[in-house]
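Thanks for coming, everyone. Please look at the model first, then we go through it piece by piece.

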Amino acid sequence: MGNVKKYAYTQNRELSWLRFNERVLEEAADRSVPLLERVKFLSIFTSNLDEFYMIRCGSLYDISILDEDYIDNKSGMDAQRQLQAIYRATKKLYLLRDTIYKNLRQELKPYLHRVQYRSLSVQEQAWIDQYFDNDILPLLSPQVIDVHHPFPHLANKALYVMARLKTKSKELYGLVPVVQSIDRCCYVNEEKTRFLLLEDLIGAKLIELFAGYEIDFYTIITVTRNADINLNEAQIDDDEDYREQMKAILKKRRRMAPIRLEVFRHSDKAFIHMLCHRLHLSEEQVFISKTPLDLSYVFALASQLGKEQKLFLYPPFRPQPSAFIREDKGMMEQLQHQDLLLFYPYESINPFLSLLKEAAKDPDVVSIKITVYRLAKHSKIIRHLVAAAENGKEVTVLMELRARFDEQNNINYAELLENSGCTVLYGIENYKVHSKLCLITRKKKNQLQYFTQIGTGNYNEKTSEQYTDYSFMTARKEIGIDAVNFFQNMAIGNLQGNYQHLLVAPHSLKSAILTMIDQEIEKAQQQQPAYILMKLNSITDRKIIDRLQAASVAGVQVQLIVRGICCLLPEVAGYTEHIEVHSIVGRYLEHARVYCFGSGAHQRVYISSADMMTRNTEKRVEVACPIEDERLKKRIIHELSIMWEDTVKARRLQADGSYECFAPIGNGINAQEELMKEAMQRSQTILVKKIIEKPSWIECCKKKIHKKIKRQ
């Protein structure tokens with residue numbers, strides 16, 4: 001395949017991701033989004049970009065040094081050219097963010113006003129001066145940088161106030177770390193409607209902190225360090241503690257090589273040159289921002305608005321109870337009669353939690369096995385697993401300690417589980433276990449019963465209210481037997497296991513996907529209806545991209561709902577004319593992965609933990625599960641069709657890699673809002689059903705109302 005053809009319908013992964021993050025930034029500029037939600041999107045854009053530089057740019061930086069022959073198979077660029085393209089694209093995003101931040105700050109000003117020290121009234125200055133002297137000054141560690149005080153290590157993503165200092169005889173620099181244990185917002189009035197950022201307050205006090213020096217100028221800086229560090233499992237002795245090795249990795253990450261320098265507002269060439277020299281950076285890795293370098297403080301602002309905050313946030317929505325699950329019956333009993341499906345955050349995670357809690361107490365349950373990638377900080381799931389172990393159940397937890405930036409949380413939980421009597425396994429060498437699988441085994445009347453849950457998202461109660469994910473629960477024996485084999489294979493490190501129904505990466509998932517694409521190609525070649533629909537977070541796997549391109553050429557209709565990275569360019573003449581790609585960025589993070597092949601009665605539907613990325617299909621343990629129940633299959637297709645018809649929050653990917661808004665038709669369709677409405681309508685049906693089944697409930701309500709009237 002010639003290079004022109006090879007790259008005609010693909011784009012670079014990193015540049016595609018930056019375009020996705022620009023979509024997040026656009027939400028911050030969308031005036032139809034409530035004001036404080038827009039501010040949050042600005043913060044999310046920033047934290048996304050931070051992680052991107054730590055991981056993706058860090059990885060490319062290492063490759064540029066260690067592998068001169070590396071070429072990206074979607075764009076033909078080597079690592080250095082990719083980095084340069086990233087730096088150019090990023091500078092444009094900084095300018096856009098500055099404009100949006102300026103506008104948001106102006107809109108927020110009547111309610112929450114970020115001020116500067118010099119603009120404070122006499123009373124406010126007295127207030128903040130006292131606060132600074134009593135609560136901040138004792139914690140600060142100002143230092144000068146000279147022959148006797150060498151340039152310090154700058155921690156990853158920590159904020160520093162840096163000044164150029166002058167005396168009659170010399171010029172040098174001063175540095176003050178911004179204390180992380182203090183609230184970034186320093187309020188200057190009792191109403192807490194006016195505030196300084198901590199770094200701005202420190203900057204205003206530099207003349208006191210560096211007495212005897214003239215402050216030539218000051219700014220705020222932060223360094224982003226390469227965090228793409230992996231555990232070398234070959235170096236771990238058999239008797240070494242795997243958790244202790246992970247703890248050492250986390251410490252090392254804090255001192256990795258700088259990959260980016262951010263400077264707030266003010267700088268000059270001499271200052272930049274000095275920092276680049278000290279940090280071993282090029283000037284193209286320096287970014288000037290008029291927006292605060294750390295926007296994490298904005299999530300606390302809503303609480304200062306009191307009752308007014310409702311005007312600036314999304315209307316409240318609570319995950320609804322499932323219309324297909326009865327609260328007065330046990331989960332295992334219900335699963336023996338039908339498969340059950342939850343769709344977060346539209347439906348509550350509580351039925352799955354109830355299943356775990358029930359299993360922990362049921363005297364007939366003999367074991368619970370579960371894979372864990374990310375957990376909530378205060379996890380009810382862990383609580384139920386601990387209770388199960390204390391009740392004598394065999395509890396096995398396949399814990400992935402290498403879940404990026406959640407390592408410490410998982411280490412802590414692994415220790416707790418082990419101390420409670422659970423068996424904790426740590427995955428497979430060189431392969432992250434990213435699957436979402438839970439197996440409950442019960443022995444009743446000498447018969448084994450299996451209750452299996454398979455999901456597209458993590459076992460995390462918090463993110464189940466923020467991410468869209470499917471959670472499938474079944475008592476089907478054939479699925480349970482596959483789950484038994486899966487956990488047995490994981491315990492002995494066998495990645496080549498055979499499964500009758502589940503698709504398991506790295507051995508069988510990718511080959512099965514390619515085979516199902518080929519089957520649709522054969523249908524198209526025989527002039528039969530051929531259709532592929534996938535919902536993914538990302539698609540980068542070159543083999544799958546090429547096979548989808550072949551499907552398009554054969555005439556297969558391919559519809560892709562891809563939230564983030566999409567290296568496949570649709571609607572390229574002669575290559576991908578039958579492929580259309582939509583992307584939804586909205587109130588909730590689109591996270592569910594669904595694969596659909598064919599149409600009508602023979603349509604195959606899978607939910608999965610895997611995106612179509614090489615890291616998922618070849619370098620991770622992933623699970624995809626078929627949905628056989630026609631009722632659930634129709635429901636998933638219905639929900640995907642709503643997403644496909646979204647014209648408000650969805651964008652259509654163009655052949656050049658840019659995104660295009662849909663032409664407005666009336667009020668348009670906002671898929672997430674539609675799915676919330678459907679969930680609420682179903683829950684109202686439950687309430688009506690309760691009233692019909694229990695008319696005494698009405699009488700009870702009447703009595704309560706009558707008593708209330710009498711008291712008044």
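Start with two helices, α2, residues 13–29, and α3, residues 35–66. Their axes come within 7 Å and cross at roughly 165°. An axis here is a line fitted to C-alpha atoms, for helices over the stretch in contact, and angles run from 0 to 180 degrees between N-to-C directions. Helices (H or I, at least four residues) and strands (E, at least two) are DSSP runs, numbered from the N terminus.

Before going on, a word on what you are seeing. This is a predicted model, where local features need pLDDT of at least 70, side-chain atom pairs count only at pLDDT 80 or more, and totals for chains, interfaces and linings use all residues. Residues are numbered from 1 along each chain as its sequence is written, and side-chain values use heavy atoms, with hydrogens and water left out.

Back to the pair. How do α2 and α3 run relative to each other, roughly parallel or roughly antiparallel? They are roughly antiparallel. The cut-offs: angles under 35 degrees count as roughly parallel, over 145 as roughly antiparallel, 65 to 115 as roughly perpendicular and the rest as oblique. The crossing of α2 and α3 is left-handed. That label applies if the near helix is turned anticlockwise from the far one by less than a right angle; clockwise makes a crossing right-handed.

Which residues meet? On the α2 side they include W17, L18, V24 and L25. On the α3 side, F41, L42, F45 and F52 are among them. Contact means heavy atoms within 4.5 Å. By class, the contact of α2 with α3 has 13 nonpolar, 2 polar and 5 charged residues. For those classes, Ala, Val, Leu, Ile, Met, Phe, Trp, Tyr, Cys and Pro count as nonpolar, Asp, Glu, Lys and Arg as charged, and the others, Gly among them, as polar.

Now a second pair. Helix α12 is residues 380–390, and helix α13 is residues 407–419. Their axes come within 9 Å and cross at roughly 20°. So α12 and α13 are roughly parallel to each other. The crossing is right-handed. I382, L385 and V386 in α12 meet Y413, L416 and L417 in α13. That contact has 6 nonpolar residues, no polar and no charged ones.

Next, cysteines. How many disulfides does the structure hold? It holds 0. A disulfide means a pair of cysteine sulfur atoms within 2.5 Å. Take C186: the nearest cysteine sulfur, that of C185, is 7.6 Å away. C186 is buried, at 1% relative accessibility. The scale: buried is under 20% relative accessible area, exposed is over 50%, and partly exposed lies in between (1.4 Å probe, protein chains only).

On to the backbone. The peptide bond from Y344 to P345 is cis, with omega near -5°. P345 sits in the loop between β10 (340–344) and α11 (350–361). A cis peptide bond also joins A505 and P506, with omega about 10°. P506 belongs to the loop between β18 (503–505) and α15 (509–525).

Two lysines have a positive phi. For K192 phi is near 60°, and for K445 phi is near 55°. Where are they? K192 lies in the loop between β5 (185–187) and β6 (194–197). K445 lies in the loop between β15 (437–444) and β16 (447–455). K192 is partly exposed, at 37%, while K445 is exposed, at 78%.

Another lysine, K477, is in helix α14, residues 477–491. K477 is exposed, with a relative accessible area of 53%. K477 and F451 are 26 residues apart in sequence, and their C-alpha atoms are 8.3 Å apart.

Last stop, A257. This residue is in the loop between α8 (242–253) and β8 (258–264). A257 is partly exposed, at 32%. What does A257 touch, leaving aside neighbours within four places in sequence? Y61, R225 and N226.
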